[in-house]
Amino acid sequence: MNKDFLHNIKFTALDILFPRRCIFCEKLLQHTQSGCCDSCKKEYLLTENDNLTVYNDIKIYSSYKYTKNVKKSIYKYKFKGEKSLSLPFAQEMINTLKSLGYNNKSFDNIVYVPLPYEREKRRGYNQAKLLAEHISKYFDIPLSSGGLVRESIHLQHELRMSMRLKQEKAGFNIDKNVNIKDNILLIDDIVTTGATIANCVNLLKGNGAKNVVVMTFAKTC
């Protein structure tokens with residue numbers, strides 16, 4: 001029997017039992033689609049012309065625009081406990097990294113932006129770490145905290161922009177006993193002002209990293 005025929009039967013059966021939906025609009029997906037539907041991808045996916053944010057000479061790549069249904073999905077992921085979104089989010093980030101030419105030989109370590117202890121305890125997980133775990137597994141690159149430590153801060157989404165910028169410039173430390181690798185991929189869920197990520201990059205480079213590439217799922221700027 002034709003293998004393609006059996007393959008289609010398998011996915012049709014799975015779609016009936018466990019229908020897959022777009023991570024943004026929740027429209028039912030075809031078995032040939034994954035993550036998000038074609039309409040949402042067309043509207044929200046960043047292209048090579050606009051997926052790069054430069055903050056203080058630091059290059060930050062992102063997969064999607066932080067707007068409309070993307071914003072709602074990230075809110076559910078971060079604040080409503082929908083951890084399962086970490087996998088399709090990470091898959092989209094992997095697609096972006098591959099389109100930029102990165103592979104399993106590009107980095108020595110994958111590092112994630114840390115959360116303050118009390119916030120991670122309250123939420124139950126670090127959303128950036130979950131993304132980093134999937135990306136680490138896909139590329140078979142070791143995952144590390146990079147020695148980055150986050151101090152207690154106010155919730156970012158509750159602050160005015162001026163206060164957010166001041167706070168993002170503080171609140172991080174690094175464990176100097178951790179061996180920092182040369183080439184690092186730094187992961188976060190979203191880039192807003194860029195100050196938080198820049199702080200992490202500067203700490204990593206100041207403690208031994210030669211090159212840091214930053215990848216986020218979405219960006220606002």
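How many disulfides does the structure hold? Before the answer, please keep in mind that this is a predicted model. The answer is zero.

Let me take two of the cysteines in turn. For Cys 36, the closest cysteine sulfur belongs to Cys 22, at 5.2 Å, and that is too far for a bond. The cut-off for a disulfide is a sulfur pair within 2.5 Å. Cys 36 is also buried, its relative accessible area being 1%. Cys 40 is in no disulfide either; its nearest cysteine sulfur is that of Cys 37, 3.6 Å away. With a relative accessible area of 5%, Cys 40 counts as buried.

Now the chain as a whole. It has eight helices and eight strands. Of its 221 residues, 46% are buried. The exposed surface comes to about 12300 Å², and 50% of that is supplied by carbon and sulfur atoms. If we take the contacts with a separation of 6 or more, 72% of them are between residues 24 or more positions apart.

Asn 51 sits in the loop between helix 2, residues 38–44, and strand 1, residues 52–55. Is Asn 51 buried or exposed? It is buried, at a relative accessible area of 3%. Leaving out residues up to four places away in sequence, Asn 51 touches Leu 46, Ile 60, Tyr 61, Ser 62, Thr 96, Leu 100 and Lys 219. Thr 216 is 165 residues from Asn 51 along the chain, and the two C-alpha atoms are separated by 9.9 Å.

The second residue is Val 212, in strand 8, which runs over residues 211–219. Val 212 is buried, with a relative accessible area of 8%. Which residues does Val 212 touch, not counting those up to four places away in sequence? They are Ile 184, Leu 186, Val 201, Leu 204 and Lys 205. Between Val 212 and Cys 200 there are 9.7 Å from C-alpha to C-alpha, for 12 residues of sequence.

On to backbone angles. Glu 26 has phi near 70° and is placed in the loop between helix 1, residues 3–17, and helix 2. Glu 26 is partly exposed, with a relative accessible area of 43%. For Asp 140, phi is near 55°. That residue lies in the loop between helix 6, residues 127–139, and strand 4, residues 143–144. Asp 140 is exposed, at 67% relative accessible area.

Last, the second largest pocket. About 290 Å³ of space lies in it. Its lining is made of 16 residues, and those nearest the centre are Arg 20, Arg 21, Ile 23, Gly 35 and Pro 88. Which element gives the largest share of that lining? Helix 4, residues 86–99, does, with three residues. By class, the lining of this pocket has six nonpolar residues, five polar and five charged.

To go back to the opening question: the structure holds zero disulfides, and the sulfur of Cys 36 is too far from that of Cys 22 for a bond. That is what I have for today.

Definitions and conventions: Residues numbered from 1 in each chain as written. Predicted model: local features only at pLDDT ≥ 70, side-chain atom pairs only at ≥ 80, totals over all residues. Heavy atoms only, no water. Buried < 20%, exposed > 50% of the residue type's maximum accessible area, 1.4 Å probe, protein only. Helix = DSSP H or I, 4+ residues; strand = E, 2+ residues; numbered from the N terminus. Contact = heavy atoms within 4.5 Å. 1 Å grid on protein atoms, 1.4 Å probe; cavity = no way out; pocket = protein on both sides within 12 Å on 5 of 7 lines; lining within 4 Å. Points joined across faces, edges and corners; volume = space filled by probe spheres on them. Nonpolar A, V, L, I, M, F, W, Y, C, P; charged D, E, K, R; others polar. Areas by Shrake-Rupley, 256 points an atom, 1.4 Å probe, with all protein chains shown as cover.
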